[in-house]
Amino acid sequence: MSLTNPMGDLTITDPQAMRALAHPVRLAALTHLQRHGPATATQLSPHVGATPSVVSWHLRHLATFGLVMDAGPDEAPAGGRQRYWKAASRGFTTRLADDDDSQTARRLLSGQMEEAARQQVEKWWAETEPDLDHTWRRLSGLSNTGVRLTADEFDELQNAIDELIGAYVRRADADIPADARRVRILRQYLPEAQS
């Protein structure tokens, strides 16, 4: 695994790592660590729907694939004996190999990610959107665009979008304006069957 895209996401190529992350508790734990920073299994427990001991087991499993790791002393509260975990990167992406095992594993992970995204969107519409002011409400929402591309153009478009978003993801905390909000950008690229 390596950090390869403009956002500094971890690229997962190992089918076993994809399968490990396809578990809902593991995916929820990693997502929470990526968004909120280091936490203990006890702190993660209410956010992922599992007991602290179960969460701890799942975190250790994710650590075997390098997806999470122990938080350093400068990242966790001092003086405690609890184990703090952190995400290995801000995000992740998958790279598909040509073998059936890789394709099956990616499909499993994608299905779990789709379900998590669906729940996130439903929660956003129910809990966040009603309280947004007009400006943020106008800027939010969904779009659905179809476009005809070659495989090379498709790759170029994805890379350009990653570069554009990456500039905001990588900026230093000191450079983030005081009125900035976290914005979740969910992207799906769905090539259609050849007609």
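Start by selecting R118 and E115, whose side chains form a salt bridge with the closest N and O atoms 2.4 Å apart. Keep in mind as you look around that this is a predicted model. Both residues sit in helix α5, and because they are three residues apart there, about one helical turn separates them. R118 is partly exposed, with a relative accessible area of 38%, and E115 counts as partly exposed at 29%.

Across the whole structure, a search finds six salt bridges. For another of them, pick D70 and R83, whose side chains meet at 2.6 Å, N to O. This pair links distant parts of the chain, with D70 in strand β3 and R83 in the loop between β3 and β4, 13 residues apart. Color by accessibility if you like: D70 is partly exposed at 42%, and R83 is partly exposed at 41%.

While you are in that loop between β3 (68-70) and β4, click on E75. Its relative accessible area is 34%, so E75 is partly exposed.

Next, go to D162 and R187, which form a salt bridge at 2.6 Å, N to O. Here too the pair links distant parts of the chain: D162 belongs to helix α7 and R187 to the segment after α7, 25 residues apart. D162 is buried, at 13% relative accessible area, whereas R187 is partly exposed at 36%.

Stay with helix α7, which spans residues 151-170 and contains D152. Select D152, E153, D155 and E156 to see a patch of negative charge on the surface. D152 itself is exposed, with a relative accessible area of 63%. Then pick L157, also in helix α7. Together with V147 and L149, L157 makes a nonpolar surface patch of about 240 Å². L157 is partly exposed at 34%.

Finally, turn to the interior. In soluble globular proteins, nonpolar side chains tend to be buried together. Show L21, L33, L59 and F92: of the 28 residues in the largest nonpolar core, these touch the most other members. Elements giving two or more residues to this core include α1 (15-21), α4 (52-63) and α5 (100-128). Helix α2 provides the largest share, five residues.

Technical notes: Residues numbered from 1 in each chain as written. Predicted model: local features only at pLDDT ≥ 70, side-chain atom pairs only at ≥ 80, totals over all residues. Heavy atoms only, no water. Patch = residues over 30% accessible without salt bridge, like charges linked within 9 Å, V, L, I, M, F, W, Y side chains within 5 Å. Areas by Shrake-Rupley, 256 points an atom, 1.4 Å probe, with all protein chains shown as cover. Salt bridge = Lys/Arg side-chain N within 4 Å of Asp/Glu carboxyl O. Lys, Arg positive; Asp, Glu negative; His and termini not counted. Charge placed at Lys NZ, Arg CZ, Asp CG, Glu CD. Helix = DSSP H or I, 4+ residues; strand = E, 2+ residues; numbered from the N terminus. Buried < 20%, exposed > 50% of the residue type's maximum accessible area, 1.4 Å probe, protein only. Core = buried A, V, L, I, M, F, W, Y, C linked by side-chain atoms within 4.5 Å.
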